[in-house]
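I am opening a notebook on a structure I have not looked at before. The entries follow the order in which I looked things up.

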Amino acid sequence: MNADTVITGMGLLAPTGLGHDEHWKNVLSGASAIGPVTRFDAERYPSRLAGEVTDFVPEEHLPSRLLPQTDHMTRMALVASDWAFADAEFDPALLPEYGVGVVTAASAGGFEFGHRELQNLWGRGPEYVSAYQSFAWFYAVNTGQVSIRHGLRGPAGALVTEQAGGLDALGEARRQLRRGQPMVLTGAVDGSPCPWGWVAQLSTARMSRESDPALAYRPFDAEAAGYVPGEGGALLVLESEEAARARGARRRYGRMAGYAATFDPPPGSGRPANLARAVRAALDDAELRPEEIDVVFADASGTPEEDAVEADALRSLFGPHGVPVTAPKTMTGRLSAGGPAVDVATALLALREGVIPPTVHVSRPLPDHTLDLVTTPRRARLATALILARGHGGFNSALVVTGPR
Amino acid sequence: MDQLTTDRLMEIMRECAGDGDAMETDRRPEDVEFAALGYDSLAMLETLSRLEREFGVAIDEEEFAGAVTPAELTTLVNRILTEAA
Amino acid sequence: MNAVTNRCAVITGIGIVAPGAIGVKPFWELLVAGRTATRAITAFDPEPYRSRIAAECDFDASAEGLTPRQIRRMDRATQFAVVAAREGIEDSGIDREALDGSRIGVVIGSAVGCTTSLENEYAVVSDGGRRWLVDHTSAVPHLFDYFVPSSIAAEVAHDRIAAEGPVSLVSTGCTSGLDAVGRAADLIAEGTADVMVAGATEAPISPITVACFDAIKATSPDNDRPAEASRPFDRTRRGFVLGEGSAVFVLEEREHARRRGAEVYAEITGFASRCNAFHMTGLRPDGREMAEAIRVALATARTEPSTIDYVNAHGSGTKQNDRHETAAFKASLGEHAYRTPVSSIKSMIGHSLGAIGSLEIAACALAIRHDVVPPTANLREPDPECDLDYVPLEARSLPVDNVLTVGSGFGGFQSAMVLSGPDARGRAAA
């Protein structure tokens, strides 16, 4: 019953490109988009690099009516939704009234919008707080705004599991399809590029303090020293194969063949992390054996301890150097919940093109990891890909896609 | 305090809620209902709060709801300003 | 019930933190007595605000068993959830040692997450709103846990239940509390987990939340009579009263519960959600999408409107909601809408945004357990446009086997759940 969820459209906005064509071209050429923060003056902060979506001009894509009431990440989500439906050659108006649902993941909501309103309240007084604050910052905002923009009246969902949410949203969307929903738009577009969001992220001490964009985010490297945050994400059109066929959909990027989520045991319990178990469960769900996985898109935390956990999990499942592993997010930074959604899109494009996009900036992979880390584009016959994601606090998710038959 | 003009009101509304919908009508723009211009309840509340701050007035909620065109709202605000003067 | 797996979720434990009542027993007593817990805000000085009332919890985290370290680290909403989960787990009598952690999950609903702590910390790092480039050196080390509210679900998962299966936070505005339990029930039904600790929490009574509802005039300005301010379905209603609290359940696969001889409150037989795709805060007056959610939930439960003994309404007390909802009940239940009692517990414990859906599920489970339906307090002047039986002022004893509970939230979300008592089938057959 797992072969029946197909991905028929994608809308992607990432530091590496507006739209999946530009993104794919850039990740293949290893063009990193990590650079100095431009959205605010980051001079005073110990971390000053980000993956920003620099050439996105909301006014070019959205009616002016939507701008005062939306955070930047919601504007990107709305455009991603437009592009996803266009890519799927689908007009939501053509489906039955409750035919299309929306499930998105969030991490911190419209934080920049919220920051501005907090400043209005604390700096000037309650009468300065916007009427839009009641929803523009909250975690469900993208789901609500996207549903309104396209008249999507099926089941709604919004999940928060930090970065893992980018995969968990797809898991929830597939659950809706199994309940008989023909189509669900799902994924995540995220990012909090404001001083307040920056300070919140700095508090974990996992953000890289390196100032050279080529050295700041190097997962699995001997010099790994944290991550670089970014913004962006992807929304995907998920359909049952039956519904896709019925509407005459011409394109299948691939199938969502397996998914599972686990949670780590309490700190200090002495029990091992559960990332490997999430992968095993996702493989079982996909009815695939480890040796049938052609490429892994890693979570690639960039902190040495978490990199080691992921490398151990991969070794335990695939053996040393047992499967090509890549992390194109080294070119975008970690996009909160948006990152894993972009990884799914990138993985589907890799399956289509038969090329594994590279992990950049990693010049000295730690030998102990025993990973076959792909650092230059690699041609390969790709039929399956595994995508991993972890969320702060112990969330593990794994998702398997297979190419179109 | 200066009186409110319909031009200033329309400018405030654009800032609070974006451009109004273009109308094919022979009425003057300030005589077209807010709803027909595409301004919803949130747009109106955002405008209300902005007017109250900018002109230092308290606008009664029911009176505000009763002013359904830019011309009517301008008249209402100016009446309150005159009364307060 | 899942048609493929033949599995379904039952409630075997309930834990409550509510305004006027910490714990299941006082919660039910408050509801049955029709007592209101709305009052003038004490959490901060509400003087500059339009709405200065709320339903607050008298919650002493230390007395509830949290350690000083936990209290420092956890937002108030997280504290509520952890304390409610502990009571629910205890109430279920479940033996954690006997369970496989990978078959246990957690789903917590929350609309605004750790907003109170975020605002407190913002005030510090911005020097009271004076600086845009906030100061990282004065930030607390666990700020990130407030930033991303999945920390609430993580804390519950790491506490007594030590869950290692699927864990998540559901955040669909004011339907979060229904949607979280709906998702958890579905995870059990499809076979991903056998036990889910599921519910919702909210602690939104902070300046920014009060200010944002002021700005859209959604909350009641009846500051001079706080105890009567929440008046769902009353002609004189003037908006909702903000609340806070948490309800967390132990859900189990039905056979799992039966095998260990657990006492079952209710089975979750149907759940559905729909979007109105209409407006972020506005509702279509005809209640069309809520009616559809109700129809689908009833169909999933394989039951007819006529079997519904009680409807727990969203009943927020805003002009538009109560009409919207009344129309939805008529459209989905037909003539039965006029016969079945409908009530809103928000009249007593206010509207705790993402948490309220779970608190209302708790009220439904307890209504089934006790064969009593809670009243709508403060309903003295019926609104001619709301012409159903809203159980005004006094609780009512009647056989309660099948219950419908609904929610409606910003974003256009409409959800409906059907719960059935453990002996619903027996009584129907008799």
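Which domains does the domain assignment of chain A give? I find domain 1 (2-246) and domain 2 (255-402). I note that this is a predicted model.

I then looked up how the two domains of chain A sit against each other. Their centres, taken over C-alpha atoms, are 21 Å apart. To the contact, domain 1 of chain A gives 63 residues and domain 2 of chain A gives 61 residues.

Next I listed the elements on the side of domain 1 of chain A that touches domain 2 of chain A. At least two residues each come from β1 (5-14), α1 (20-28), β4 (49-51), α6 (165-178), β7 (183-190) and β8 (232-240) of chain A. The largest share, seven residues, belongs to α6(A). By class I read 34 nonpolar, 20 polar and nine charged residues on this side of domain 1 of chain A.

I went on to β7(A). Eight of its eight residues are buried, so β7(A) is largely enclosed by the rest of the structure. On one face I find A:Met183, A:Leu185, A:Gly187 and A:Val189, and on the other A:Val184, A:Thr186, A:Ala188 and A:Asp190, all buried.

I also checked the partners of β7(A). Strand β5 (residues 100-105) of chain A pairs with β7(A) in the parallel sense over five bridges, and A:Thr104 is opposite A:Gly187. β8(A) runs antiparallel to β7(A), joined by eight bridges, with A:Leu238 opposite A:Val184.

My last entry concerns other chains. Six residues of chain C contact six residues of chain B. The chain C side has two nonpolar, three polar and one charged residues.

Terms used: Residues numbered from 1 in each chain as written. Chains lettered and ligands numbered in written order. Predicted model: local features only at pLDDT ≥ 70, side-chain atom pairs only at ≥ 80, totals over all residues. Domains from an automatic or database assignment. Contact = placed C-beta atoms within 7 Å. Helix = DSSP H or I, 4+ residues; strand = E, 2+ residues; numbered from the N terminus. Nonpolar A, V, L, I, M, F, W, Y, C, P; charged D, E, K, R; others polar. Buried ≥ 20, exposed ≤ 12 C-beta atoms within 10 Å, placed from the backbone. Pairing = 2+ DSSP bridges.
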